[in-house]
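Welcome, and please take a moment to look over the sequence and the fold. We will walk through a few places together, one at a time.

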Amino acid sequence: MLHILFLCTGNTCRSPMAKALYSEISEKYHIKSIFSSAALGFCFNQTVSPNAVTVCNEIGLDISNHKPRILREHDIDITDIFAVMSQSHAEALLGLGVPKSKIYILGGGIPDPYGSDLVTYRRCRNQIANSIDELCRIIRKRLDNGTLKDNSNEQYYNNANGA
């Protein structure tokens with residue numbers, strides 16, 4: 001099973017929206033995966049952005065129970081695809097030893113809507129949705145042609161997450 005991690009700065013806006021959108025979009029591509037989201041930056045005692053909750057609710061997705069979390073060492077070991085929101089996130093992962101082949105910058109970069117109005121959050125949500133659709137097409141193609149293999153670390157993933 002593939003392990004996909006959506007990564008942004010604070011795990012309060014973009015990556016939680018991406019995770020929720022991926023959950024829905026990946027189904028139409030018949031992609032079996034385990035997916036999560038995390039922050040590269042500080043997220044202690046943070047909550048999901050109310051505007052992110054609102055714009056996801058508008059399309060029938062509930063992210064209100066999302067709890068921001070920081071990227072953990074075991075995430076690096078188990079993740080097949082890191083879907084990041086910016087070049088700086090990609091560079092940070094490269095600095096942690098993540099191979100470039102595992103990093104995908106959604107939409108060539110998704111601007112951070114943190115602190116912005118609902119119009120900006122809707123634009124961000126839509127950009128993420130379009131980018132995830134493209135990511136899913138790429139994943140499906142790579143699975144079909146054998147250039148991407150399902151990860152065999154599922155047991156490790158379950159143990160690391162307390163399952």
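Let us begin with isoleucine 34, which counts as buried because its relative accessibility is 15%; buried means under 20% relative accessible area, exposed over 50% and partly exposed in between, with a 1.4 Å probe and protein chains only. This isoleucine 34 belongs to strand β2, residues 33-39. Helices (H or I, at least four residues) and strands (E, at least two) are DSSP runs, numbered from the N terminus. Isoleucine 34 and threonine 79 are separated by 45 residues in sequence and by 9.3 Å in space, C-alpha to C-alpha.

A word on what you are viewing: this is a predicted model, where local features need pLDDT of at least 70 and side-chain atom pairs count only at pLDDT 80 or more, while totals for chains, interfaces and linings use all residues. Residues are numbered from 1 along each chain as its sequence is written, and side-chain values use heavy atoms, with hydrogens and water left out.

Next, find serine 23 in helix α1, residues 14-28. With 29% relative accessibility, serine 23 counts as partly exposed. Between serine 23 and leucine 94 there are 26 Å in space, C-alpha to C-alpha, and the two are 71 residues apart in sequence.

The loops on either side of this helix deserve a look too. Most residues other than glycine have a negative phi. Asparagine 11, in the loop between β1 (2-8) and α1, has a positive phi of about 60° although it is not a glycine. Histidine 30, in the loop between α1 and β2, also is not a glycine and has a positive phi, of about 55°. Is each of them buried or exposed? Asparagine 11 is buried, at a relative accessible area of 0%, whereas histidine 30 counts as exposed at 65%.

Now turn to a pair of helices. The axes of α2 (residues 50-57) and α5 (residues 118-145) come within 9 Å and cross at roughly 60°; axes are lines fitted to C-alpha atoms, for helices over the stretch in contact, and angles run from 0 to 180 degrees between N-to-C directions. The two helices are therefore oblique to each other, since angles under 35 degrees count as roughly parallel, over 145 as roughly antiparallel, 65 to 115 as roughly perpendicular and the rest as oblique. On the α2 side, Asn51, Ala52, Thr54 and Val55 make the contact, and on the α5 side Leu118, Tyr121, Arg122 and Arg125 do; contact means heavy atoms within 4.5 Å. The buried residues of α2 are Ala52, Val53, Val55 and Cys56, and their cover includes α1 and α5.

Histidine 89 sits in helix α4, residues 87-95, and counts as buried at 4% relative accessibility. Its side chain makes a polar contact with the side chain of threonine 9 at 2.9 Å; a polar contact is a pair of N or O atoms within 3.5 Å, and within protein one must be able to donate a hydrogen and the other to accept it, while residues adjacent in sequence count only if both atoms are side-chain atoms. Aspartate 75, in helix α3 (residues 73-78), counts as buried at 3% relative accessibility. The side chain of aspartate 75 reaches the backbone nitrogen of arginine 72 at 2.7 Å. Beyond its neighbours within four places in sequence, aspartate 75 is in contact with Leu5, Arg69, Ile70 and Phe82.
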